Amino acid sequence: MTLYNTLSAAQRAGLIDEAGQERLTLSFYKYHRLENPQAFRDELYVAWEKLDVLGRIYVAREGINAQLSVPALRFAEFKAHLDGYPFLLGVRLNIAVEQDNKSFLKLTLKVRDRIVADGIEDPSFDAGKAGRHLRAREFNDLIADPKTLLVDMRNHFESEIGHFQGAFTPDVDTFRESLDIIAGELKGHKEDGNLVMYCTGGIRCEKASAWFRHQGFRSVAQLEGGIIEYLRQVKAEGLENKFLGKNFVFDNRMAERISPHIVSQCHLCGEPCDTHRNCRNEACHILLIECQACVARLNGCCSEACVERAALPAGERKRLRKGTGAPKKYFRGRGTRP
Ligand SMILES: [Zn+2]
Ligand SMILES: [Zn+2]
C-alpha cells in the first residue's frame, strides 16, 4: 500500500495527457474536531489515490482544507466517498471558475497543527461561532450600506490583483498577521458598523468572523463560499459583479479572471499587469507581478542580479546560496496598494 506520492510532476503531466480525460478542479473545507488526523489522512490517501485524485490537502485536529482535481468521469465516486463521512455529507464543493487539467500534478496530504494558522492562544475562543453567512445578493446589498466595513481576509499578493470595490486590503503576508491589524484598524466601529468579510473560498472568514465576534464586534458577516461561490451566484442570478480583477488561487493556474479590470501594475516597470510568476532564478523564486516586456528583458527573472545568478553553473549557484538564509517569498509592490 502506497501512502505517498511516487511520480514526478513531469511523469504525472505525461499521464494526464495520455489519459486524455477532463479533470475537474475544486476545493472544499470543513471545521470539524478530528480525534486522529493522521489516521484520517491515511484513509483519504488510500481512497483518493485509487480515484486518481491530485491536489494539496491539509488535515488537522480542527478539520480539513482541500484543493484538488479529480477525473470528471470519477467525480460521482469521489462525491460518494466524501458523503460516506457524516461530517462531510453535503459539504459545499467550490468548483473552479477556470478549469485546467494540470492544476495539480501530485497528491499531497499533510497533517498540520491547524488548517488555517491563526496564532490565537485565547482558550475561551470558540471557532465554531462564525458570523452570519451571506449569499451574493445579500452581500451586494450590505456592502452598498455606508455603515459597512468590508474587509479582505486574504494576503497582500492575493488582494493586489483583484478585490471587491471599496474593500480594506491589509498589507500582510499571513492570515495570522491580519487579525491584529484589522482589529486595530476597526476598533472604533465595534458597536455601529457592519463588519463584512470575504476570502477565496470562505475558510479564513469562518475563523475570522468568529474571532471578531469574540472581540466584541456586534454585526459580523461573511461571504458564503467566498469569491468562487459569489461568481457562480452572480452569473446564475444575473446580479451585478462587484469584484474587480483576478482571483488568486494556490495551484498551477495562479489566478482566475473574474472581471476584465486590471487593478495592479508590473512590480518592475509599473505598466498595468496582473500576472504573477516566480523568478526563474531558483535560489530566489520570489513571487512577483511581471509584465511580458519585463519577462523578456530579464529572461524570466526578477532583477539583473538574478539574471546573472541564473546564468552561473549549478555548482557555483549552490555555493552562493549557502549561508544566505531563507529567500524572500513575495515581492513588495511600488506603493500601488488598492
Ligand atoms: Zn514590466
Ligand atoms: Zn529573483
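Biologist: Is F168 buried, partly exposed or exposed?

Modeller: The scale runs from buried (under 20% relative accessible area) to exposed (over 50%), with partly exposed in between, using a 1.4 Å probe and protein chains only. F168 has 25% relative accessibility, so it counts as partly exposed. This is a predicted model, in which local features need pLDDT of at least 70 and side-chain atom pairs count only at pLDDT 80 or more, while totals for chains, interfaces and linings use all residues. Residues are numbered from 1 along each chain as its sequence is written, chains are lettered from A and ligands numbered from 1 in the order in which they are written, and side-chain values use heavy atoms, leaving out hydrogens and water.

Biologist: Where in the chain is the place of F168?

Modeller: Helices (H or I, at least four residues) and strands (E, at least two) are DSSP runs numbered from the N terminus. F168 sits in the loop that joins strand 8 (162–164) to helix 6 (175–185). Its C-alpha lies 4.8 Å from that of V151, although 17 residues separate the two in sequence.

Biologist: Which residues coordinate the zinc ion (ligand 1)?

Modeller: Donors are N, O and S atoms within 2.8 Å of the metal (3.2 Å for Na, K and Ca), and water is not among the atoms, so sites may look incomplete. For ligand 1, the SG atoms of C266, C269, C291 and C294 coordinate the zinc ion at 2.3 to 2.4 Å. The donor residues follow the spacing C-x2-C-x21-C-x2-C. C269 belongs to the loop between strand 12 (255–257) and strand 13, and C294 to helix 9 (residues 292–297), so this pair ties together parts that are 25 residues apart in sequence. C269 is partly exposed, at 33% relative accessible area, and C294 is buried, at 2%.

Biologist: What is the arrangement of the four donor atoms around the zinc ion (ligand 2)?

Modeller: The ideal angle for four tetrahedral donors is 109.5 degrees. In practice, four donors count as tetrahedral if all angles lie between 85 and 135 degrees. Around ligand 2 the angles are 106 to 114 degrees, which makes the arrangement tetrahedral. The site of ligand 1, with angles of 105 to 115 degrees, is tetrahedral too. The donors of ligand 2 are the SG atoms of C279, C284, C302 and C306, at 2.3 to 2.4 Å, and their spacing is C-x4-C-x17-C-x3-C. C284 lies in the loop between strand 13 (276–278) and strand 14 (287–289), whereas C306 lies in helix 10 (residues 304–311), so the pair ties together parts that are 22 residues apart in sequence. C284 is buried, at 16% relative accessible area, and C306 is buried as well, at 8%.

Biologist: What else is found in these elements?

Modeller: H285 also lies in the loop between strand 13 and strand 14. This residue has a positive phi of about 55 degrees although it is not a glycine, and its 46% relative accessibility makes it partly exposed. In helix 10, A310 is buried at 16% relative accessibility.

Biologist: Which residues are the closest to the centre of the second largest pocket?

Modeller: A pocket is an open set of points on a 1 Å grid over the protein atoms alone where a 1.4 Å probe fits, with protein on both sides within 12 Å along at least five of seven lines; lining residues have an atom within 4 Å of a point. Here 28 residues form the lining, and the closest to the centre are Y31, H32, E62, A127 and G128. The pocket holds about 640 Å³, a volume filled by probe spheres set on grid points joined across faces, edges and corners. Strand 1 gives the largest share of the lining, five residues. A127 lies in the loop between strand 5 (107–111) and strand 6 (132–134) and is partly exposed at 26% relative accessibility.

Note on methods. Tetrahedral: all angles 85-135°; square planar, octahedral: opposite > 155°, others 65-115°.
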